[in-house]
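User: I am new to reading protein models, and I would like to learn how to go through one feature at a time. Could you guide me through this one?

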Amino acid sequence: MSPAPVVAGPHPAVAALRVAVRPGLARAAGRTVLVGCSGGADSVALAAALAVEAPRAGVRCGAVTVDHGLQQGSAARAAATAELVRGLGLDPVLVARAEVAADGGPEGAARAARLAAVRSVAGTVAGPVTVALAHTLDDQAETVLLGLGRGSGPRSVAGMVEHRDDGDLRWWRPLLAERRGTTRAACRALGLPVWEDPWNTDPAYRRVRLRTEVLPLLEDALGGGVAPALARTAALLREDLDALDALAAARLAALLEPAGTLPAAPLADLPPALRRRVLRGWLTGAGVADLQSVHLLAVDALVTGWRGQRAVSLPGGVGVVRRSGRLALEPTRVPGGAAARPGPVHDSRGDPSVSQSVPAPEAAAAGEPAPGSPVDGPLGPDHGYGPDIDHVLLTEEQIQQKIRELATRIAVDYAGREVLLVGVLKGAVLFMSDFARALQLPTQMEFMAVSSYGSATSSSGVVRILKDLDRDITDKHVLVLEDIIDSGLTLSWLLKNLGGRRPASLEVCALLRKPDAVKVDVPVKYIGFDIPNEFVVGYGLDYAERYRDLPYIATLRPEVYSS
Ligand SMILES: O=P(O)(O)OC[C@H]1O[C@H](OP(=O)(O)OP(=O)(O)O)[C@H](O)[C@@H]1O
């Protein structure tokens, strides 16, 4: 018997990419697929795979290439890429011109412009369109790391999805399980020219530094397999998040009342992950855009920390109120004075925060009575200061949450060391006591009392020691706890003073900072919130020795200063 003829199959990399696109093509029946092609190895390899597999699956497949107009010769580059994919047999091949906005980061602006350009040319194709994007497993790993670094929640760590419907358009990423090496090998095997985008090696971009510095270091330190592990983590997380989202959507549908309100009691019984999703779904479904986690936490507090708060202001001129046991959305009242918002509060990651205002008596009367004793104010015990308070800048919950975050970070930074906390009396006393309890490390405590304000609302600039430390701090790891950095004069003086006593290390953790008031720059490693340049009281901060006992941070009505 003669030997069977040897049939040369495609190169393994080419074969792998062809196999990768098949399941998605089966879902693309009746649609036109356009490969988003930059001319780089990933998208050229994807175009080549689809050029072979799409006709077999009976799917029309073309391409779209975007001219960002940002680099010299970009129009010629787009034309050459269009020519290349036409040569592969793709049809139609469209060139889209992106208008990149001048504001925002260059990566984000180029991406937004690219998506808009693709969307607009896809609209010129008859029938539904699927745009195939060539993101690989390596891109996914970078996305997961970027999301982790941003700390913006599990969705950003869950990476990119394979399919996403966006009106008539569907985005499809068939290569999320393939490595970048495979697309390069496929291009080489097929003799396809690829364009090396100089931006892909420019260390000015965060993603490039992750790719060229962080991931290789992680691979080395963790013994390899990091990119697939990150991609796998993202996939598992996505499954969990999708399940939670589906549960929340079902719960929202069940709870939503005909008037668009939500009953608070059944919401309070839900686990936080579900409850916040229900609230987010409710708010976004009602058209609230740009919802930040701080907004959501404040709305959540209407459910779980109800003390008679007034409306929580949200972006877009709406607020959420709790009335008669239900949450309702209503336009925010244009404040006639007392309830005016002063300006954004930023936490250390720059999230704009919400402020909640103390209810006017008529609002409290119309709303649900606050539980507890009659001396309770709208945000909990107001210690009888109620009439003096103008608005609340940071709620008790926001402060406590921030302290937990700071303590977690500091416990990592100081692992294995014993910390000597130096509290600056009197302002930092509440911060010190909550922080010391949150910090999971052995700590010792010392206090120093200084004063530069007396009963004024601006620093005299002259710092006086009212009480010195009780002991030597030589060779100790000193962490100074300050309630607020305003002009910075107190801290600048204090750091010089303490630094002269030869501690092993000296750092500062301040709960608040007023960036617009700082007169001397002081090195502060840990900051809770950046706040507007207004005189604030509460949570240790006083005006004429009053208000330190409030559990939240607020501003005072102007009459208080004049009386
Ligand atoms: O950055 P600066 O402008 O120097 O202000 C910050 C300092 O002012 C406050 O102390 P204050 O002198 O009012 O004493 P107290 O803590 O006893 O209220 C605050 O507790 C800080 O220590």
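Predicted model: local features only at pLDDT ≥ 70, side-chain atom pairs only at ≥ 80, totals over all residues.

User: Which elements of the chain have the lowest and the highest mean pLDDT?

Analyst: Among the elements, helix α13 (residues 361-366) has the lowest mean, 29, whereas helix α2 (residues 41-57) has the highest, 98. Over residues 333-378 the pLDDT stays under 50, and for that stretch the model has 94 contacts beyond four places in sequence. For the model as a whole, the scores are ipTM 0.94 and pTM 0.55.

User: How should I read a helix, and which residues of α1 are buried?

Analyst: The general idea is that an α-helix has 3.6 residues a turn, so residues three or four places apart point the same way. In α1, the buried residues are Ala13, Val14, Leu17, Arg18, Ala20, Val21, Gly24 and Leu25, and they pack against β1 (32-36), α2, β5 (163-166), β6 (169-172) and α7 (180-190).

User: Where does helix α1 bend?

Analyst: Helix α1, which covers residues 12-27, bends by about 30 degrees at Val21, and a proline, Pro23, follows within four residues.

User: How many residues does the largest nonpolar core have?

Analyst: That core has 35 residues, and those with the most contacts inside it are Leu25, Val33, Val35, Leu46, Leu50 and Leu90. The elements giving two or more residues to this core are α1, β1, α2, β2, α3 (74-87) and α7, with α2 giving the most, 10 residues. Besides this there is a second, separate core of 30 residues, which includes Ala407, Ile410, Leu511 and Ile553.

User: What does Val33 touch?

Analyst: If we do not count residues up to four places away in sequence, Val33 touches a set of residues including Leu25, Leu50, Val59, Ala132 and Trp172.

User: Why does Thr65 count as buried?

Analyst: The general idea is to compare a residue's relative accessibility with a cut-off, and buried means under 20%. Thr65 has 3% relative accessibility, and therefore counts as buried. This residue is found in strand β2 (residues 60-67), and the side chain of Thr65 reaches the backbone oxygen of Cys37 at 2.8 Å. Leaving aside its neighbours within four places in sequence, Thr65 is in contact with Cys37, Ser38, Ala78, Thr81, Ala82, Leu94, Val95 and Ala96.

How values were computed: Residues numbered from 1 in each chain as written. Heavy atoms only, no water. pLDDT = per-residue confidence, 0-100. Contact = heavy atoms within 4.5 Å. Bend = angle between axes of the 7 residues up to and from the residue. Buried < 20%, exposed > 50% of the residue type's maximum accessible area, 1.4 Å probe, protein only. Polar contact = N/O pair within 3.5 Å; in protein donor to acceptor, adjacent residues only side chain to side chain. Core = buried A, V, L, I, M, F, W, Y, C linked by side-chain atoms within 4.5 Å.
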